[in-house]
Amino acid sequence: MATDKLIDTVRKCVDVVVIGAGLSGLMAAVRLDRGGLTTLVLDKGRSVGGRMATRRMDSYRFDHGAQSLNFSDPQVLPFLQRWQQEGIARPCDHSATPDESKSGSGSVSGILGISSFAKSIAADLSIRTGTLVTRLVPQVSGWLVISDDDTRVAARAIILTPPMPQSLDLVHQSDIELPTDMADRLAAIEYDPCIAVMCAYDTSEPIIPSTFVHMVDGPIVVAVDNFAKGVSPRAGAITLLTTPEFSRSHWEVSDSEIVSRILSAAKAVLPANPMSTRVHRWRYSRTAKSHPDTYSLVAMPEIIAFAGDGFGRRDLEGAALSGLAAAGAVLEALRQES
Ligand SMILES: Cc1cc2nc3c(=O)[nH]c(=O)nc-3n(C[C@H](O)[C@H](O)[C@H](O)COP(=O)(O)OP(=O)(O)OC[C@H]3O[C@@H](n4cnc5c(N)ncnc54)[C@H](O)[C@@H]3O)c2cc1C
């Protein structure tokens, strides 16, 4: 990955700016790169990966967003093979949802965390993290992309990959008018929220019976043992993902109250005395209502495309395929333009 210092010397004029360094944006950038276009990926986060998120807490490590992936499409299997060759992927016994373990490559988790998959792809790309894109300005032939740190990048086309409500906020605050039917279909994409609770226990023994323990009655969907999954170097790192209903009704509740309610609900499988805890709120976690296509693109005449897990399949594979498809369409549109 290019460092910020390097980026400052990199051209501020590229063929395509990709907004978002989650799996969708990274895949889009790979495809554009391979198609011979110059790209720059901008992400507001401190690191790449988006909802493929891993964090440290003392000597523990947790996946607190996506837990595993299941690839079956030939377009994305080479990436999985690359991660396996790099020694950063391993099969896991269950998936975060029982349905996801039924087909494809089987469930795979990231050794040292699921974000290692994103870091592996990002290594070959020009990326600037810590950069919130705040405005998109149409130019004579393309766009000016403006960020909160006043970075200005000129591009012939833009691909937006944030969760759709965030992409549409950016479009609206830039006073861009999308065709009505397109805007309506994008606005219909919906996501569920998810509150994730991370608990660190002082133990050298497994404290839940398997890597993934699914719970049917809520408010917890699944408890995940990050040590058994190969993510945490230290035993006792448990991630608890809560239902959309609990997450909605407890969004404004304090972290300590959330932890206390969740530990009480988990008492059949988890001790009540973690050494430390953290809460992470995902306003947009999994797609609840998706767009039927794999991406959306419009030439106004400036080219702007939308991709991400709001399109097609509602998971990491869907996000990856959407990014690849949007990039393919942008390549084609730019080819026709020149
Ligand atoms: C708790 C949880 C559990 C999940 N479990 C699984 C699972 O086990 N298996 C599975 O397949 N999927 C799972 N998912 C879903 C999966 O994580 C997503 O489908 C996938 O990561 C979406 O990738 P994306 O690239 O479309 O979006 P994201 O990963 O959200 O990437 C979008 C990026 O855009 C950036 N961004 C937003 N606005 C701006 C801006 N204005 N300027 C710059 N950058 C911006 C964000 O920082 C982010 O990095 C889970 C999700 C959550 C939250």
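Tutor: What follows begins with helix packing, then turns to the chain as a whole and to some of its loops. The model is predicted, and for that reason local features are given where pLDDT is at least 70 and side-chain atom pairs count at pLDDT 80 or more, while totals for chains, interfaces and linings use all residues. Residue numbers start from 1 along each chain as its sequence is written.

Two packed helices are described by the angle between their axes and the distance between the axes. Helix α2 covers residues 23-34 and helix α4 covers residues 115-122, and their axes come within 10 Å and cross at roughly 20°; helices here are DSSP runs of H or I of at least four residues, strands are runs of E of at least two, and each kind is numbered from the N terminus. The axes are lines fitted to C-alpha atoms, for helices over the stretch in contact, and the angles run from 0 to 180 degrees between N-to-C directions. α2 and α4 are therefore roughly parallel to each other, since angles under 35 degrees count as roughly parallel, over 145 as roughly antiparallel, 65 to 115 as roughly perpendicular and the rest as oblique. The crossing of α2 and α4 is left-handed, a term used if the near helix is turned anticlockwise from the far one by less than a right angle, with right-handed for clockwise. On the α2 side the contact is made by Leu23, Leu26 and Val30, and on the α4 side by Ala118, Ile121 and Ala122, where contact means that the C-beta atoms of two residues, placed from the backbone, lie within 7 Å. By class, the contact of α2 with α4 holds 6 nonpolar residues, no polar and no charged ones; Ala, Val, Leu, Ile, Met, Phe, Trp, Tyr, Cys and Pro count as nonpolar, Asp, Glu, Lys and Arg as charged, and the others, Gly among them, as polar.

Helix α2 also packs against helix α9 (residues 316-337), at an angle of about 35° and with the axes 7 Å apart. Here α2 passes α9 in a right-handed crossing. From α2 the contact includes Leu23, Gly25, Met27 and Arg31, and these are among the residues that meet a set in α9 including Leu316, Ala320, Gly323, Ala327 and Leu331. The residues of the α2 contact with α9 divide into 12 nonpolar, 5 polar and 1 charged.

The chain around these helices has 9 helices and 17 strands in its secondary structure. Its radius of gyration is 20 Å, close to the 20 Å that the globule rule gives for 338 residues, so the chain is as compact as a globular protein of that length; the radius is taken over C-alpha atoms, and the rule is 2.2 Å times the number of residues to the power 0.38. Taken along the principal axes, the C-alpha atoms fill a box of roughly 60 × 40 × 40 Å. Of the contacts between residues at least 6 apart in sequence, 70% join residues at least 24 apart. Buried residues make up 47% of the 338 residues, a residue being buried if 20 or more other C-beta atoms lie within 10 Å of its own, exposed if 12 or fewer, and partly exposed in between, with C-beta atoms placed from the backbone.

Most residues other than glycine have a negative phi, and most peptide bonds are trans. Leu112, in the loop between β6 (108-110) and α4, has a positive phi near 70° although it is a residue other than glycine, and it counts as partly exposed with 15 C-beta neighbours inside 10 Å. Asp58, in the loop between β3 and β4 (60-63), likewise has a positive phi, of about 55°, and with 10 other C-beta atoms within 10 Å Asp58 is exposed. The peptide bond from Gly218 to Pro219 is cis, with omega near 0°, and Pro219 sits in the loop between β12 (212-214) and β13 (220-225). The bond from Met300 to Pro301 is cis as well, with omega near 10°, and Pro301 belongs to the loop between β16 (296-299) and β17 (303-306).
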